[in-house]
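This briefing covers selected features of one structure, grouped by topic. Please read it alongside the sequence and coordinates shown here.

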Amino acid sequence: MRLSATSVRMSNAYLISSFVCNALAFVEEPTDKQAKSDGYCGRILRAQTQGTRRDGYNEFRLRVEGDPENYQPASTYRVSLYASSPSYFRGFTLIALKEGKEGTTDDDYAGKFQIIDEEDTQFMTNCPPAVTESTPRRRTRIQVFWTAPLSGSGCVILKASIVQKRIIYFQDEGSLTVRLCEKEAGFGESTDKPPLECCACGTAKYRVTFYGNWSEKIHPKDYPRRANHWSALIGASHSRNYVLWEYGGFASEGVKQVAELGSPVKMEEEIRQKGDDVLTVIKTKAQWPAWQPLNVRAAPSAEFSVDRTRHLMSFLSMLGPSPDWNVGLSAEDLCTKECGWVQRLEQDLIPWDAGTDSGVTYESPNNPTIPQERIRPLTSLDHPQSPFYDTEGGPITALARVVVERIARKGEQCNIVPDTVDDIVADIGQEEKEEDDTPETCIYSNWSPWSACSSATCEKGRRMRQRMLKAQLDLSVPCPHTQDFKPCMGPGCSEEEASTCMMSEWISWSPCSVTCGMGMRSRERYIKQFPEDGSICSLNTEETEKCVVNEDCYTIPCMLSPWSDWSDCSVTCGKGLRTRQRMLKSLDLGECTEELDQVERCMQPECPMDCMVSEWTEWSECNKSCGKGHTIRTRVVELEPQFGGEPCPETVQRKKCKIRKCKRGSRASEEKRRLRGGVAVGCKMRPWSSWTECTKHCGGGIQERFMLVKKKAKSTPAQVTSCQDRKEIRACNVHPC
């Protein structure tokens with residue numbers, strides 16, 4: 001059905017779908033065959049091919065955060081559509097297609113969009129793969145998440161249309177189109193979104209190592225020089241049924257406590273409540289300070305296992321101080337599509353916001369986000385005060401890197417693609433094959449005894465044995481190898497040796513005992529299992545070694561005591577100050593530049609404020625010309641009492657006044673006869689005037705009215721004296737201001 005010109009003129013009042021329809025009014029109508037084959041989405045894409053364009057003009061831009069050239073399959077990216085100042089747009093359409101596809105089938109669309117702000121964006125009713133605006137209004141920017149498709153989808157085209165007033169603009173090759181191709185996976189990487197079922201066999205054991213590079217050198221803006229740290233790392237290997245955390249989801253109470261407080265206690269409790277959905281709890285200690293050279297402190301690591309049902313790994317760690325910022329991996333799949341186990345995974349980590357605190361800087365005060373928002377990656381355009389803010393909107397420099405290495409496999413494996421030779425040797429089972437398939441034409445000596453393990457600790461090593469090829473009777477038949485290897489660990493570390501001590505891995509080296517010069521550091525391990533025969537474990541549980549922090553340092557000029565407690569606030573109400581101190585322990589005072597006193601603001605309950613009033617006005621004139629009358633004065637409330645202050649006093653006062661005595665006796669009778677209503681007989685007066693406007697709107701003012709002489713009486717001087725203009729006054733607007 002072709003739209004009328006009137007409908008086109010009214011297009012500003014409709015949703016983006018209306019705008020698109022209006023644009024299609026200028027496009028030739030599809031045949032019935034076309035309408036059936038491509039539907040509403042196809043009409044939008046056909047309009048993008050035939051509609052108005054503004055090629056080469058960057059007034060509007062579609063951007064994927066970080067400007068990547070490739071996408072990682074199944075990874076999530078932030079996509080922004082924005083207008084350069086002073087431009088704006090009222091509506092938009094955003095679609096992601098596989099390259100070369102026309103959008104006529106569901107399989108033509110690539111990945112999946114996710115709404116961030118429901119008040120700003122929504123999925124198009126008649127074309128669900130597309131995103132459009134919720135309401136048509138002026139806007140300069142919108143954001144959505146886009147999850148890339150699975151491996152094998154090839155290149156993807158993200159394209160947008162812009163509605164500005166009544167015209168829709170498209171760009172096939174301009175700034176409203178982004179082309180991304182699939183990133184090639186390295187050997188042994190898992191490239192797909194986790195399949196419905198992991199097909200790997202046996203189990204695998206991994207070591208995860210966390211390398212934090214959040215430091216003042218790499219992230220100088222507002223870097224917190226005191227108390228910077230990584231919280232304890234907490235996570236698990238788990239099944240698909242359990243989500244520890246994920247972008248677009250809401251933080252659990254355990255995630256919130258890690259994110260805001262760095263406490264893993266609640267998170268570990270939540271993990272252990274998941275029962276069979278969790279195989280291993282992953283934990284490391286906190287790191288104070290956040291960054292130290294590896295020759296001073298080893299990177300924290302932990303070991304965990306995975307199996308066919310629990311092949312995902314998640315963890316998180318808080319960077320502190322911060323509102324609720326963390327790094328980590330979510331549901332990382334270690335099962336490959338070749339039915340094997342990932343050999344090695346390295347991943348740079350950028351911070352994400354847990355959605356529970358609204359602070360924008362490292363040391364923002366606690367400001368709970370109500371209602372709670374969804375977990376999202378931090379970006380360089382979130383807030384100008386953010387330590388990661390970048391006017392160009394570039395990617396955030398990674399705060400950490402995690403390395404996940406496979407260190408052992410157990411049970412029969414069924415991976416289709418074999419691993420490297422070194423990895424196969426390292427993963428050979430402990431059981432030795434007794435069957436000898438040596439050809440009869442190859443004459444060998446007996447195997448030598450197994451050598452000692454190449455590792456004296458609980459790190460993985462190898463044993464070796466050898467034999468000699470004495471004769472090869474048939475040169476056309478190859479003879480097998482003359483060396484054999486099997487994995488091993490140091491004494492007491494093998495889980496297979498139940499009759500010996502079983503020791504844990506060594507815990508990370510402690511910080512050096514000095515901050516400058518040569519000192520000592522230590523590390524510990526503990527006994528996981530005593531021998532079954534009841535004998536005592538003789539293996540060392542502690543090691544110490546020398547460490548050097550600064551070879552050129554000969555003195556320790558700045559040894560400080562801990563900070564004292566904060567003093568009481570300097571005031572009992574309102575804003576004040578409090579202080580704390582520490583002492584210098586070292587003898588060399590000249591080289592110490594650390595501060596010894598700190599002052600910070602403190603806030604007590606508001607101070608009481610008494611009522612404040614103005615000075616009294618002058619007393620008014622007496623309201624009687626003779627006899628007893630009264631006069632008044634007023635004052636204004638300048639400040640109402642607050643926080644329990646003294647209430648306001650009176651604002652109007654009245655007192656008696658007496659001008660002169662009125663005449664009495666016969667003269668008084670004569671005077672009374674001559675006066676009617678206080679006016680001399682024969683003296684003509686005008687009526688009382690209306691009361692004047694009050695001199696003040698509040699706080700006590702004065703009104704007046706007048707009776708003026710119209711015509712004086714022709715009589716005695718006494719009568720003339722009584723024939724005078726009269727005035728009355730009264731108080732008004734006495735209520736407080």
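**Charges, rings, a helix and a sheet**

The charged end of Arg138 lies over the ring of Tyr88, 4.0 Å from the ring centre; the criterion is NZ of Lys or CZ of Arg within 6 Å of the ring centre and within 35 degrees of the ring normal. Likewise, Arg462 places its charged end over the ring of Phe485, 4.6 Å from the centre. The model is predicted: local features need pLDDT of at least 70, side-chain atom pairs count only at pLDDT 80 or more, and totals for chains, interfaces and linings use all residues. Residues are numbered from 1 along each chain as its sequence is written, and side-chain values use heavy atoms, leaving out hydrogens and water.

**Aromatic pairs**

- The whole structure contains 14 aromatic pairs, meaning rings of Phe, Tyr and Trp (its six-membered ring) with centres within 6.5 Å; planes under 30 degrees apart count as stacked, over 60 as edge-to-face and the rest as tilted.
- Trp214 and Trp230 are an edge-to-face pair because their planes stand at 70 degrees, with ring centres 5.9 Å apart.
- Trp214 belongs to the loop between β12 (203-212) and β13 (229-230), while Trp230 is in strand β13, 16 residues apart; strands are DSSP runs of E with at least two residues, helices runs of H or I with at least four, both numbered from the N terminus.
- Trp214 also forms a tilted pair with Tyr362, at 5.4 Å centre to centre and 50 degrees between the planes.
- Tyr362 lies in the loop between β20 (352-353) and β21 (376-377), so this pair ties together parts 148 residues apart in sequence.
- Trp214 has 0% relative accessibility and therefore counts as buried (under 20% relative accessible area; exposed is over 50%, partly exposed in between; 1.4 Å probe, protein chains only).
- One aromatic cluster is formed by Phe210, Trp214, Tyr223, Trp230, Trp325, Tyr362 and Phe388.

**Helix α5**

- In helix α5 (residues 265-272), the buried residues are Met267, Glu268, Glu270 and Ile271.
- Viewed down the axis of α5, these fall within an arc of 160 degrees, so they line one face; the arc is that of the directions from the helix axis to the C-beta atoms.
- Exposed Val265 and Arg272 are on the face turned away from the buried side.
- The buried residues of α5 pack against β14 (234-238), α4 (253-261), β15 (278-283) and β17 (312-320), with contact meaning heavy atoms within 4.5 Å.

**Four-stranded sheet**

- An open sheet of four strands runs β1-β3-β8-β5 with antiparallel pairing; pairing requires at least two DSSP bridges between two strands.
- Its edge strands are β1 (60-64) and β5 (112-115).
- β5 is joined to β8 (residues 141-147) by four bridges, and Ile115 stands opposite Val144 in β8.
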